[in-house]
Structure formats: C-alpha cells, structure tokens
Amino acid sequence: MKKMLRLASILVISVALVACGNNDSSATERDSNTNKHLNGVAEQSKGESMADTRVKLMFSNKEVFVRMYDNPASRDFLAQLPLTITFEDYIGKEKISILKKRLSIDNLQSENLSKKGDFAYYAPWGNIAIFYKGFEQATNDLVILGQIESGKENLENIDNDFTVNIEKVPK
C-alpha cells in the first residue's frame, strides 16, 4: 500500500513538473516573440509582410534608405508618408525631428541600446531620431522603427538644421 501511495505521489509530481515545464517553455517562447517584435524583426501582419518595406530620405541632393521594421509605430509612421520635416543635431550622436502627429506605440516598450544607423521614435518627445553614433544608455521609451541600409555617411557631417523629404519606396 505504501508503494502504491509513493508511486501515485511520484506520478502526480511528475505530471505537475511536466506541466510547469511546458508553461515555462511557452513563457520563454512568448518572451522571445515579444523581444523580436520590439526589436523590429519583420513579422507577418494582417496578411501583409513589411519585410521589404523601405523609405527614402532626401535632402541636399543626397539620399538615405531605411529598411523599416514591423511594429505598430513603424506602421503608423508609414501611414503619415510622404513627410517633409526639419532635422537638427542632438548631443552629437543623433539627428532629431519632432513629428506633428505622435506615433501609436500600443504600449510597446523596448530597452534597446541605439546603434549607429538606427531610425527610431522617442515617445516622450514625439520625435524621430536618426542615430549616426551609438548611444550607450537604454531606454524603454525608444522604439526602433528601422535600420539605415545606405547613405549613413550623408548624415554624419551635417552641422546645421536640414529639411528632409521622406517617402515610401515602391516595392
């Protein structure tokens, strides 16, 4: 009788551990998917992929191409295009421009460290930021919208304010 009771106890504990292990796996998978979404990894959205979505920034006879990530803020930004905005230098690391209309971030929070070439949105100020140097501090208010593919060097040596036309590049 004691052996049956022990066997039953071991069986119950084993089932409970397996169930907990599956939940941990699901939580890990969920966290992984959330991190991919926050970091802008392209995903399928409403049957439409943003994997090849690019925007072109034009200023002073120069061009910069940005590959957009798939997240709510990126989709909201694309819906506002075409745009003409003025950028200014900020702390010797990024060019910024405050948007007339804030982007929807849908409670999206990220703790990304910006890196050179990031095209981002800083929610508290409602501004677009183009990082031409990395920024050593992470903030959960910075949402990476995309990554510059080409033309990064065109931004680095601009000291004055400059006007940029931004448009979606046809696929």
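This is a dialogue on reading a predicted protein model.

Colleague: What should I know about the model and its numbering before reading any feature?

Modeller: The model is predicted, so local features need pLDDT of at least 70, side-chain atom pairs count only at pLDDT 80 or more, and totals for chains, interfaces and linings use all residues. Residues are numbered from 1 along each chain as its sequence is written, and side-chain values use heavy atoms, with hydrogens and water left out.

Colleague: What is the mean pLDDT of the protein?

Modeller: pLDDT is the predictor's confidence in each residue, from 0 to 100. The mean for the protein is 76, and 65% of its residues reach 70 or more. Over residues 14–47 pLDDT stays under 50, and the model has 29 contacts beyond four places in sequence for them; a contact means heavy atoms within 4.5 Å. Where pLDDT is low, the predicted coordinates should not be read in detail.

Colleague: How many helices and strands are there in the protein?

Modeller: Both are DSSP runs numbered from the N terminus: helices are H or I with at least four residues, strands are E with at least two. The protein has 3 helices and 10 strands. From the N terminus on, the order is α-β-β-β-β-α-β-β-β-β-β-α-β. Among contacts between residues at least 6 apart in sequence, 68% join residues at least 24 apart.

Colleague: Which strands form the closed barrel?

Modeller: Two strands pair if DSSP finds at least two bridges between them. Here a closed barrel of 8 strands runs S3-S4-S9-S7-S8-S6-S5-S10, with antiparallel pairing. The twist averages 35° from one strand to the next. For such angles, axes are lines fitted to C-alpha atoms, for helices over the stretch in contact, and the angles run from 0 to 180 degrees between N-to-C directions. Helix H2 packs on the sheet, touching S3, S4, S5, S7, S8, S9 and S10, and its direction makes about 65° with that of S9.

Colleague: How many bridges join S3 to S4?

Modeller: S3 and S4 run antiparallel and are joined by 6 bridges; one partner pair is leucine 57 with valine 64 in S4. Their hairpin has 2 residues between the strands, and serine 60 there takes a positive phi near 45°. On S10, S3 is held by 5 bridges, again antiparallel. Valine 55 stands opposite lysine 168 in S10, and methionine 58 stands opposite asparagine 165 in S10. S5 also pairs with S10 in the antiparallel sense, over 5 bridges, where leucine 83 has isoleucine 166 as its bridge partner. Between S5 and S6 (residues 94–98) the antiparallel pairing has 3 bridges.

Colleague: Which residues touch the most other members of the largest nonpolar core?

Modeller: In soluble globular proteins, nonpolar side chains tend to be buried together. A nonpolar core is a set of buried Ala, Val, Leu, Ile, Met, Phe, Trp, Tyr and Cys residues joined through side-chain atoms within 4.5 Å. Buried means under 20% relative accessible area, exposed over 50%, and partly exposed in between, with a 1.4 Å probe and protein chains only. The largest core has 29 residues, and Leu57, Met68, Phe77, Phe119, Ile128 and Leu145 touch the most other members. Helix H2 (72–79) is among the elements that each supply at least two residues of this core, including also S3 (54–59) and S9 (142–150). A second, separate core of 7 residues includes Tyr69, Ile96, Ala120 and Ile144. Leaving out residues up to four places away in sequence, Phe77 touches Met68, Leu83, Leu99, Leu103, Phe119, Ile128, Leu145 and Ile166.

Colleague: Is lysine 95 buried or exposed?

Modeller: Lysine 95 counts as buried because its relative accessibility is 1%. The residue lies in S6 and is the bridge partner of aspartate 89. A polar atom of its side chain lies 2.4 Å from the backbone oxygen of isoleucine 158. Beyond four places in sequence, the contacts of lysine 95 include Glu88, Asp89, Tyr132 and Leu155.

Colleague: Where does leucine 155 lie?

Modeller: Leucine 155 lies in helix H3 (residues 153–156) and is buried, at 2% relative accessibility. Outside four places in sequence, leucine 155 touches Phe59, Val64, Lys95, Ile130, Ile148 and Phe162. Leucine 155 and lysine 62 are 93 residues apart in sequence and 9.3 Å apart in space, C-alpha to C-alpha.

Key. Polar contact = N/O pair within 3.5 Å; in protein donor to acceptor, adjacent residues only side chain to side chain.
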